[in-house]
Amino acid sequence: MTIQTVDGIIRGAYHFANPSSATGAQQADFFVSNGGGWSNDGKTLPGALDMEWNPYGSMCFDMTQTQMRTWINDFVTQHRTRTGVNPMIYTASTWWNRCVGTDASAAGSNGSLPQTGTTQQAVVVKDSVLAQNPLWLARYSSSVGPLPTMWSSQNRMHAIWQNAALDAKGYDTNIFNGSLTQLRAYATTGKL
């Protein structure tokens, strides 16, 4: 797929997740193969995984929090395997905390993981890994507000804040949490 660019425009693609239709890895493969790839050209942001309310049924796609974390982890892992970078995760704190979870024990106070052999370890490791993805926070307000617990518990910040839907020109408005130089570096390295 060829995507045309305009000089000076930094752009990226996002994938609206539908966890009830296919596995996370299958959806990541589809996304990367159909315009969601990444190149270090300084104009292309890493792909974004849009995790939000299910418009087709139950809010959390009839999944438990553990199932949802596993699905997202599978998407992230496959995306990283195919592109070499982690996708950004687009979500709202209310949806994430309800459907993915608020487990603040993603890392101990010193950043350590729980002891091997505990029943919490598998979920905790995934939580810690998920919070390493850049966060694109949806919150239509005059302030960023609380982040999903997985990010706030690790003192991580949002990368982009979608602060309003449909401005005067019909676009959602988003604010990058950094300088233009940092945004260009992210489009070049895939890392924040």
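Me: What makes F31, W71 and F75 one aromatic cluster?

Reply: Ring pairing. Rings of Phe, Tyr and Trp (its six-membered ring) pair if their centres lie within 6.5 Å, and F31, W71 and F75 form one cluster on that basis. The structure holds 5 aromatic pairs. Bear in mind that this is a predicted model, where local features need pLDDT of at least 70, side-chain atom pairs count only at pLDDT 80 or more, and totals for chains, interfaces and linings use all residues. Residues are numbered from 1 along each chain as its sequence is written, and side-chain values use heavy atoms, with hydrogens and water left out.

Me: Why is the pair of W71 and F75 called stacked?

Reply: Planes under 30 degrees apart count as stacked, over 60 as edge-to-face and the rest as tilted. The W71 and F75 planes sit at 20° with the ring centres 6.0 Å apart, so the pair is stacked. Both residues lie in helix α2, 4 residues apart, about one turn of the helix. In general, an α-helix has 3.6 residues a turn, so residues three or four places apart point the same way.

Me: How do you know that W71 and F75 are buried?

Reply: Buried means under 20% relative accessible area, exposed over 50%, and partly exposed in between (1.4 Å probe, protein chains only). W71 comes out at 5%, so it's buried, and F75 is at 0%, so it's buried as well. Across the protein, buried residues make up 42% of the 192 residues.

Me: What makes α1 fall short of a straight helix?

Reply: Its span. The expected span of a helix is 1.5 Å times one less than its number of residues. Helix α1 (residues 24-36) has 13 residues, and a straight helix would reach 18 Å, but the end C-alpha atoms are only 14 Å apart. As for what counts as a helix, helices (H or I, at least four residues) and strands (E, at least two) are DSSP runs, numbered from the N terminus. The protein has 6 helices and 6 strands.

Me: How do you know that the buried residues of α1 line one face?

Reply: The buried residues in α1 are G24, Q27, A28, F31, V32, G35 and G36. Seen down the axis of α1, they fall within an arc of 135°, so they line one face of the helix. The arc is that of the directions from the helix axis to the C-beta atoms. Their cover includes β1 (14-16), β2 (48-50) and α2 (65-83). G35 makes the buried list with a relative accessible area of 19%.

Me: What about α6: which residues are buried there, and why say they line one face?

Reply: In helix α6 (residues 180-189) the buried residues are L183, Y186 and A187. Down the axis of α6 they fall within an arc of 95°, so they line one face of the helix. β3 (88-91) and β6 (173-176) are among the elements that cover them. After α6 comes G190, whose phi is positive, near 75°.

Me: Why is the link of C60 and C99 called a disulfide?

Reply: A disulfide is a pair of cysteine sulfur atoms within 2.5 Å. The sulfur atoms of C60 and C99 are 1.9 Å apart, and they form a disulfide. The count by this rule comes to 1 disulfide. The pair links distant parts of the chain, with C60 in the loop between β2 and α2 and C99 in helix α3 (residues 93-99), 39 residues apart. The link is left-handed, with -70° about the S-S bond. C60 is buried at 12%, and C99 is buried at 1%.

Me: What does N133 contact?

Reply: Contact means heavy atoms within 4.5 Å. Leaving aside its neighbours within four places in sequence, N133 is in contact with V76, N86, P87, I89, W151 and R156. N133 is found in the loop between α4 and β4 (135-138), and with a relative accessible area of 0% it's buried.

Me: Where is confidence lowest?

Reply: In helix α4 (residues 121-130), at a mean pLDDT of 49, whereas β2 is highest at 96. pLDDT is the predictor's confidence in each residue, from 0 to 100. Over residues 104-126 the pLDDT is below 50, and beyond near neighbours in sequence this stretch has 23 contacts in the model. Where pLDDT is low, the predicted coordinates should not be read in detail. The protein averages 82, and 82% of the residues score at least 70.
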